[in-house]
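Have a look at the sequence and the model first, and then we'll go through some details.

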Amino acid sequence: MKILYSEDAFTGLEAAIVLIAFVVVAAVFSYVVLGAGFFTSQTAQATVHTGVSQASSSIELVGNVYGISTAGATRLNYINTTVALTAGGTSMDISQMVVSYNDGYTRWPYMTMDTDITCANTITASYTQWCISRRINANTDDLLESNEQFVISVGMPASTTPNIKFTVNFQPAVGAVLPITRTVPGGIQAVQAIY
């Protein structure tokens, strides 16, 4: 009995193993690439959602800024400014807002909120405070909602004398800062618009 050896079958088996190895490696590689792509798209989606929520939570100035003082005074006691949500904005808790003041002479990085209903009278005595002095089309909470306006009174320091330029920043908990920069007029009146 004569045994014949043939290498043809072995070459076919070897080619099948190499082909299977390539398919397995390609499958693993494609799984890794797809996973990285899904992770990247989810990260991009989260970034877009965060950007939209911050952009839609901003407040804007409505009308003029008014300086309030006592008759015959040489400086402002406080300012009144009206704020509302920007178009399409989401509700915002104004009590979480950080208010800061700077005029080059006096700097208050954090002013406290006065929650008293007659706050415009009390912030005159304490110039490091601010308050919601009036709610227009709003209920009694501190949540600024669509179609509502809040008149915010901000106490002014002794340095707000004629021709002094000052900046008041309203920083909501979420959203962009609303800076208000004005110059005290040359003559102080009891109530006057400040530009």
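## Starting at Thr167

Thr167 is partly exposed, with a relative accessible area of 22%. On this scale, buried means under 20% relative accessible area, exposed means over 50%, and partly exposed is in between (1.4 Å probe, protein chains only). Thr167 sits in strand 9. Setting aside neighbours within four places in sequence, Thr167 is in contact (heavy atoms within 4.5 Å) with Ser100, Tyr101, Asn102, Ile180 and Thr181. Thr167 and Asp103 are 64 residues apart in sequence, yet their C-alpha atoms are 6.2 Å apart in space.

A word on the ground rules: this is a predicted model, where local features need pLDDT of at least 70 and side-chain atom pairs count only at pLDDT 80 or more, while totals for chains, interfaces and linings use all residues. Residues are numbered from 1 along each chain as its sequence is written, and side-chain values use heavy atoms, with hydrogens and water left out.

## The chain as a whole

Which elements make up the chain? There are two helices and eleven strands, and along the sequence they follow the pattern α-β-β-β-β-β-α-β-β-β-β-β-β. Both kinds of element are DSSP runs numbered from the N terminus: helices are H or I with at least four residues, and strands are E with at least two.

The chain has 195 residues, and 32% of them count as buried. Take the contacts in the chain with a separation of 6 or more: 58% of them come from residues 24 or more positions apart. As for the surface, the chain exposes about 11700 Å², with carbon and sulfur atoms supplying 61% of that. Accessible areas come from the Shrake-Rupley method with a 1.4 Å probe, and for residues only the protein chains shown count as cover.

In soluble globular proteins, nonpolar side chains tend to be buried together. Here, the largest nonpolar core has 29 residues, and Val154 and Phe170 are those with the most contacts inside it. Strands that each supply at least two residues of this core include strand 1 (59-68), strand 2 (78-85), strand 8 (149-155) and strand 9 (165-171). The term stands for a set of buried Ala, Val, Leu, Ile, Met, Phe, Trp, Tyr and Cys residues joined through side-chain atoms within 4.5 Å.

What does Phe170 touch, not counting residues up to four places away in sequence? Among them are Ile59, Val83, Met97, Val99, Ile152, Val154, Leu178 and Ile180.

## Rings that pair up

A search of the whole structure finds two aromatic pairs. The rings of Tyr101 and Trp108 have their centres 5.5 Å apart and their planes at 45°, so the pair is tilted. Tyr101 and Phe166 form a stacked pair, 6.0 Å centre to centre with 25° between the planes. This second pair links distant parts of the chain, with Tyr101 in strand 4 and Phe166 in strand 9, 65 residues apart. Rings of Phe, Tyr and Trp (its six-membered ring) pair if their centres lie within 6.5 Å; planes under 30 degrees apart count as stacked, over 60 as edge-to-face and the rest as tilted.

Ring pairs link Tyr101, Trp108 and Phe166 into a cluster.

## A salt bridge

Side chains of opposite charge can pair when their charged atoms come close. A salt bridge is a side-chain nitrogen of Lys or Arg within 4 Å of a carboxyl oxygen of Asp or Glu, and by this rule the count comes to one. The partners are Arg135 and Asp142, at 2.6 Å from N to O. Arg135 counts as partly exposed at 25% relative accessibility, and so does Asp142 at 21%.

## Two positive phi angles

Most residues other than glycine have a negative phi. Asn137 has a positive value, near 55°, and is found in the loop between strand 6 and strand 7 (143-144). Asn137 counts as exposed at 66% relative accessibility.

Asn163 also has a positive phi, near 70°. Asn163 is in the loop between strand 8 and strand 9 and counts as exposed, at 58% relative accessibility.
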